[in-house]
Amino acid sequence: MENKTPFYEHHVKAGGKMVPFAGFLMPVQYQGIIEEHRHVRSAAGLFDVSHMGEIEVRGPEALKFVSYCTINDPAALEINQVQYSAMCYKEGGIVDDLLVYRYPEHFFLVVNASNLAKDFAWLQEQSKGFNVTLKNTSNEVAQLALQGPKSELLLQKICDLKLSDMKFYWFGTGKVDGVEMLVSRTGYTGEDGFELYFDIKYAGQIWNALFTAGKEFDLRPIGLGARDSLRLEMKYCLYGNDIDQTTSPLEAGLGWITKLKKAGEFNGRDVLLKQKAEGVKRKLIGFEVEGNAFPRQHYKMFKDGAQVGEVASGVFSPSVAKGIGTGYIKAEFAAVGTPFQVEIRGKMVPAKVAETPFWKHSSIKK
Amino acid sequence: MNIPKDLKYSASHEWARIEGDTATIGITDFAQGELGDIVFVELPAVGAKVSQNKPLGTVEAVKAVSDLNAPLSGEVTEVNRSLEGTPDVVNKDAYGAGWMVKIKLSNAAEAANLMDAAGYDKMEKHGH
């Protein structure tokens, strides 16, 4: 039996096609993935991401604990700043990727829906010996992602924070339609936008307020299908496809969030230091295929007749109108421009390692 | 759900309009809805021999790919070339402009293996 987010009835009313996803019934699409995808790139779209998991970390050793459990450096965060990070096992595989929000006295972690139970149990296990308390607030928090170049103008109509002062990956606490909430300039689409976290009891009010304010911007609800094609055009990782416990952040191209020199011990450091010194044997690359064949997860990648990798994510890209994907390939073939083949239903289809992100015209305001 | 009464249906969601010894074939309204935005349809060459319940092409949507199976055996006499440029016609008009191939039947008796509209409706409602 799947859970429902507080927006379930709104999705059904808006014509959402509901499918089971990560234990929830979620809309995969409303009008169609391509149209929704393009709408987010050109105007504004609203995603229900209430299925994501939220965990509070409080206590005198909250910073030390979050630093021990994540590979990025939370000590580098200022108050009201957000950080994309990942949690690793001691062996270097990825527990999950997440957002870390720094408050004056505590941290707020946002993890993947499908990993919430695993993550919370793992964090509890890691917390032994640290003076911290953990609270899973997922069932109390509604989360919406407003994404697209018109997001700021739209949200400003009903938000009392001065959004033009909020930089990418920062957050504030303010009121939207009179309801106090966390507003962060974050998202996973490659467009400017905001994520809103608020008490679940205001779900209907906020949904309606956003669509009322969004009328002049043609705000539309967007499903999981477009969420996936949008994130893949940016080569943002998806847990379960691009990263999991068998992949390390260095293999996944997440070296930029892997702070090996930060102060203090952290899970996975020894393995990651060794990988960094020796070089990784495989890398997650972005690629595009020729013609009207589209890569899908687990398709095999070949070079000169030998298998050299496997597709992690694949999709028809609405923005570049090509089959694009990510895949783990032997490191010697990972350079941009390297030709290889993807086996697509028995046929060897020409492909090449592409520059990423695939989408170059992002509206993100850094 | 749109299930025209004058067509025959396969368990893998293809439809066949049988007229004499020829059948026009496509995928059902239900199938196009499940697949979502269709971005490419790979069809066989005219003259290809196809067998009942065996793949004769593929239908690519943004997120998924599906075999197009032959609901009946025979030889391909015509393919819908307009789908090369506008595959989304299948989403808009699955039983009309979104038709895929025409075949000359080699065994008309195979039609007995297909469902009528009521049978297909029943199967679909049971979640297959």
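**Figure 1. The second largest pocket of the predicted model holds about 660 Å³ of space.** The model shown in this and the following views is predicted, not determined by experiment. Of the 28 residues that line the second largest pocket, Y84(A), F168(A), Y236(A), W256(A) and K366(A) are the closest to its centre. Strand β6 of chain A, residues 82-88, gives the most to this lining, with three residues. Sorted by class, the lining of the second largest pocket divides into 18 nonpolar, seven polar and three charged residues.

**Figure 2. The largest pocket has a volume of about 810 Å³.** It is lined by 38 residues, and the closest to its centre are F21(A), R227(A), D228(A), R231(A) and L238(A). Several elements of chain A give two or more residues to the lining: β2 (17-21), β7 (94-102), β8 (107-111), β13 (193-199), α7 and β17 (306-317). The largest share, five residues, comes from α7(A). In the lining of the largest pocket, 22 residues are nonpolar, nine are polar and seven are charged.

**Figure 3. The model has one cavity of 30 Å³ or more.** Rolling a probe the size of a water molecule over the atoms shows where empty space is left. The volume of the largest cavity is about 30 Å³. Its lining is made up of M26(A), P27(A), F47(A), D48(A), I222(A), G223(A), L224(A) and R227(A). Three elements of chain A, namely β3 (24-29), β4 (45-48) and α7 (224-233), each supply at least two of the lining residues. By class, five residues of this lining are nonpolar, one is polar and two are charged. R227(A) lines this cavity, and R227(A) is also among the residues closest to the centre of the largest pocket.

**Figure 4. Six strands of chain A form an open sheet with mixed pairing.** The order of the strands across the sheet is β11-β12-β13-β10-β4-β14. At the edges lie β11 (171-176) and β14 (220-221) of chain A, each of which pairs on one side only. Strand β4(A) runs antiparallel to β10(A), residues 141-147, and four bridges join the two. Which residue of β10(A) is the bridge partner of D48(A)? The partner is L144(A). D48(A) is also one of the residues that line the largest cavity.

**Figure 5. M52(A) sits in the loop between β4 and β5 (53-58) of chain A.** Is M52(A) buried or exposed? Its relative accessibility is 13%, and the cut-off for buried is under 20%, so M52(A) counts as buried. Beyond its neighbours within four places in sequence, M52(A) is in contact with V110(A), V111(A), N112(A), A113(A), S138(A) and Q143(A). M52(A) and S114(A) are 62 residues apart in sequence, yet their C-alpha atoms are 8.0 Å apart in space.

**Figure 6. Chain B contains three helices and nine strands.** Along the sequence, these elements follow the pattern β-β-β-α-β-β-β-β-β-α-β-α. The radius of gyration of chain B is 13 Å, close to the 14 Å that the globule rule gives for 128 residues, so chain B is as compact as a globular protein of that length. Taken along the principal axes, the C-alpha atoms of chain B fill a box of roughly 35 × 35 × 20 Å. Of the 128 residues in chain B, 52% are buried. Among contacts in chain B with a separation of 6 or more, 62% are between residues 24 or more positions apart.

**Figure 7. Strand β3 of chain B pairs with β2(B) and with β9(B).** In a regular strand the side chains alternate between the two faces of the sheet. Strand β2(B), residues 14-19, runs antiparallel to β3(B), and six bridges join them. One of the paired residues is W15(B), whose bridge partner in β3(B) is G26(B). The two strands form a hairpin with two residues between them, and G20(B) in the turn has a positive phi of about 65°. Strand β9(B), residues 101-105, also pairs with β3(B) in the antiparallel sense, over four bridges. There, T22(B) stands opposite K104(B) in β9(B). Why is β3(B) largely enclosed by the rest of the structure? Five of the six residues of β3(B), residues 22-27, are buried, so the strand is largely enclosed.

Definitions and conventions. Residues are numbered from 1 along each chain as its sequence is written. Chains are lettered from A and ligands numbered from 1 in the order in which they are written. This is a predicted model: local features need pLDDT of at least 70, side-chain atom pairs count only at pLDDT 80 or more; totals for chains, interfaces and linings use all residues. Side-chain values use heavy atoms; hydrogens and water are left out. Buried means under 20% relative accessible area, exposed over 50%, partly exposed in between (1.4 Å probe, protein chains only). Two strands pair if DSSP finds at least two bridges between them. On a 1 Å grid over the protein atoms alone, a cavity is a set of points where a 1.4 Å probe fits but cannot get out, and a pocket is an open set with protein on both sides within 12 Å along at least five of seven lines; lining residues have an atom within 4 Å of a point. Grid points are joined across faces, edges and corners, and a volume is the space filled by probe spheres set on the points. Ala, Val, Leu, Ile, Met, Phe, Trp, Tyr, Cys and Pro count as nonpolar, Asp, Glu, Lys and Arg as charged, and the others, Gly among them, as polar. The radius of gyration is taken over C-alpha atoms; the globule rule is 2.2 Å times the number of residues to the power 0.38. Contact means heavy atoms within 4.5 Å.
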